[in-house]
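Hi everyone, thanks for coming. Please have a look at the sequence and the structure on the screen, and then I'll walk you through them.

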Amino acid sequence: MTAIGDGLATALARLKDAKLKSKVVILLSDGVSNAGAVEPDEAAAAAAKMGVKVYAIGEYFDAA
C-alpha cells in the first residue's frame, strides 16, 4: 500500500515553519497511490501554495 498524499503532507508539515531560503521535497514512490487519507492532488496543491518544490521520482507499473 502506498499513500503518496499522506507522505507529501507529512513532509509539508515538517517544512511549514522552517525558516529556509528554499524548500524542496524529493518524493520517492512506486507511482501508485492506493492508501491514505490525503489525495495526492490535494497535497500537491498545498505544496504549490506553500512554495515548496516537489521532485517526484518513481515508476508506474500497470500489472493489468
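The chain has two helices and two strands, where helices (H or I, at least four residues) and strands (E, at least two) are DSSP runs, numbered from the N terminus. Starting at that end, the order of the elements is α-β-α-β. This is a predicted model, where local features need pLDDT of at least 70, side-chain atom pairs count only at pLDDT 80 or more, and totals for chains, interfaces and linings use all residues. Residues are numbered from 1 along each chain as its sequence is written, and side-chain values use heavy atoms, with hydrogens and water left out.

Let's take the overall dimensions. Along the principal axes, the C-alpha atoms fill a box of roughly 45 × 20 × 15 Å. The accessible surface, from the Shrake-Rupley method with a 1.4 Å probe and, for residues, only the protein chains shown as cover, comes to about 4800 Å². Carbon and sulfur atoms hold 56% of that surface.

Now, how much of the chain is buried? Of the 64 residues, 19% are buried; that word means under 20% relative accessible area, while exposed means over 50% and partly exposed lies in between (1.4 Å probe, protein chains only).

On to the inside. The largest nonpolar core has seven residues: Leu8, Leu12, Leu15, Val25, Ala43, Ala47 and Val52. A core here is a set of buried Ala, Val, Leu, Ile, Met, Phe, Trp, Tyr and Cys residues joined through side-chain atoms within 4.5 Å. Helix H1 (4-15) and helix H2 (40-50) are the elements giving two or more residues to this core, and H1 gives the most, with three. Leaving aside residues up to four places away in sequence, Leu8 touches Val25, Ala43, Ala44 and Val54, a contact being heavy atoms within 4.5 Å.

And the strands? E1 and E2 pair in the parallel sense over six bridges; pairing requires that DSSP finds at least two bridges between two strands. Ser29, for instance, stands opposite Gly58 in E2. E2 lies largely in the open, because the number of buried residues among its six is zero.

Back in E1, we find Leu28. Is Leu28 buried or exposed? Leu28 counts as exposed, because its relative accessibility is 64%.

That's my tour, so please send me your questions!
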